[in-house]
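Visitor: I would like to learn how to read a fold from its coordinates. Could you take me through one?

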Amino acid sequence: MHDFYSDTQTRPTRAMREAMLDAEVGDERHHDDPATNDLIARVAEMLGMEAAMFLPSGTMCNEVAIAVHCQPGDEVICTRESHIIFAESGGPAALSGVMLYPIDGEHGMMTPEEVSSAIRPPSAHAPRSRLLCTEQTSNLAGGAIWPADQLRAVADVAREAGLATHLDGARLLNASVATGVPAHEYAAGYDSAWIAFTKGLGCPVGAVLAGSQEFIDKAWLFKRRWGGAMRQTGVLAAMCSHALDHHVERLAEDHALARDIGDRLRDLPAVSDVMPVETNIVIAELSDAVPEARECARRMREDNVTCTVVGRKRIRMVTHMDVGQADADALISSIAKLA
Ligand SMILES: Cc1ncc(COP(=O)(O)O)c(C=O)c1O
C-alpha cells in the first residue's frame, strides 16, 4: 500500500519497540511513572511551559483544554477549518457545552483584526467570548505554517480582552523543523499547547498537553473523569522519548517529499490547483477532466494508493516515515491515470 491517507498511518519502528523494553514504569495516575515524568518534563520545557500531562490522543488534549478554560455557554473562537470543528465529533458542545465562533480566515489563519472583531463585548444577551484556539500547522489549509509573530499577535489580542488561548500543536514540530523557529516561540502567548506523537513522529499512541501548573492541576480532573488517567504508561512514553530523539529532524525529509509531490501534481491534467506545500501535507484540487474526489480516491485505491477526500473535488495527501520516493511515484502515476 502507498499510504498517503495521513501521517497517523505509520507503524512503530523496531527501535521504538525496543525502547519500551527498558522503560522504567510506575503508576501514571499517581504521578509515579518515571518514563512518563521524564517525557512530560521534556515537552513542558520544549513548549516553554511550567507543567504537562500525558494523554492518549490529541483530540483529548484539545477537549481537556477547552473544558479547563471554559464554562458551559462560553464561546470559543477558531477558524472554520479547525480540527475541533470538523473532526472531534462535536466534543466542544458535548463535553464542555461551549459554542464555537468560526472565522473564515485565510490558509487556516486569522488576523488580529478578525479576532478582535469576533470578541463580543460583555453582555447578558450574548455568550461570553472565552477562548481562542489556533492550529499550528493548519491541517485543512495544507499544512500551512502560521508565522510566529502572527500566531503571537492573535493571542495577544485575545489575552488583552481577557480570553484564554490554546494552541493545537498536532504538527507544531513540522513547523519548527521547516522554519527553524523553536516550539516555545510558537507557544509563547498561549495558556496551553500540545504536541502529538502519533503524526510525523511515528508513535502509535500519545500526546502531551502543557500549560501552567494551575492549568495542569485542573486538567487532571478531566483526564480522570473522561478515563484518560492511566497506569504504566512508561512503555508508551519511552516510544515518545525515542521519537523526540530520532524522528524530529527527519521531518524535513517528509517536507521535501511533499514538495516534490506538489510540484509534480501541478503538471498533471487531472489537477487544476495545488495549495502551497509548506510541510508534509499536499492538498490538490482536481480538474474538470476527472470525476469527483470520492470516485478518484476509489480508483486510486485500485492502484493501492490512498489519500483523503477533503472536498467535492479536493484530495489530501500526507507524507510520513512510512512512505518514500517509490510511493510518491506510484501516487503520481495513479493520479495521472485518472484523466
Ligand atoms: C490539527 C489536528 N488537531 C488534532 C488532531 C487530533 O489528534 P488525535 O488523532 O491524536 O486525536 C489531529 C489529528 O490528525 C489534527 O490534525
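Predicted model: local features only at pLDDT ≥ 70, side-chain atom pairs only at ≥ 80, totals over all residues.

Visitor: Let me begin with sheets. How do strands pair in general?

Guide: Strands of a sheet pair through backbone hydrogen bonds, in parallel or antiparallel fashion.

Visitor: What is the strand order in the open sheet of 7 strands, and which pairing does it have?

Guide: The order reads β2-β8-β7-β6-β5-β3-β4, and the pairing is mixed. Look at the edges next. β2 (51-55) and β4 (99-103) each have a single partner strand, so one side of each has no neighbour in the sheet. From one strand to the next, the twist averages 20 degrees.

Visitor: How many bridges join β6 to β7?

Guide: There are 2 bridges between β6 (residues 164-168) and β7 (residues 192-196), and the two strands run parallel. For a residue to look up, take His166, which stands opposite Ser192 in β7.

Visitor: Which helix lies across β5 and β6?

Guide: That is α7 (residues 148-160). Its direction is at about 175 degrees to β5 (129-135).

Visitor: Now the open sheet of 4 strands. In what order do its strands come?

Guide: They come as β9-β10-β13-β12, with antiparallel pairing. β9 (271-274) and β12 (308-311) are the edge strands; each has a single partner, so one side of each is left without a neighbour in the sheet. Neighbouring strands here are turned by 35 degrees against each other on average, direction ignored.

Visitor: What joins β10 to β13?

Guide: 5 bridges link β10 (residues 281-286) with β13 (residues 314-318), and these strands run antiparallel. Glu285 faces Arg314 of β13 as its opposite residue. Helix α12 (residues 251-266) lies across β9, β10 and β13, at about 15 degrees to β10.

Visitor: How far does helix α11 reach from its first C-alpha to its last?

Guide: α11 (residues 234-246) has 13 residues and reaches 18 Å, close to the 18 Å expected at 1.5 Å a residue. Buried residues in α11 include Leu236, Met239 and Cys240. Among the elements covering the buried residues of α11 are α1 (14-21), α2 (34-46) and β2.

Visitor: Last, the ligand. Which of the 13 residues around the ligand come nearest?

Guide: Ser57, Gly58, Thr59, His83 and Ala170 do. By element, helix α3 (residues 58-69) gives the most to the shell, with 3 residues. By residue type, the shell divides into 3 nonpolar, 8 polar and 2 charged.

Technical notes
Residues numbered from 1 in each chain as written. Pairing = 2+ DSSP bridges. Axes fitted to C-alpha atoms, helices over the stretch in contact; angles between N-to-C directions. Contact = placed C-beta atoms within 7 Å. Expected span 1.5 Å × (residues − 1). Buried ≥ 20, exposed ≤ 12 C-beta atoms within 10 Å, placed from the backbone. Near = placed C-beta within 6 Å. Nonpolar A, V, L, I, M, F, W, Y, C, P; charged D, E, K, R; others polar.
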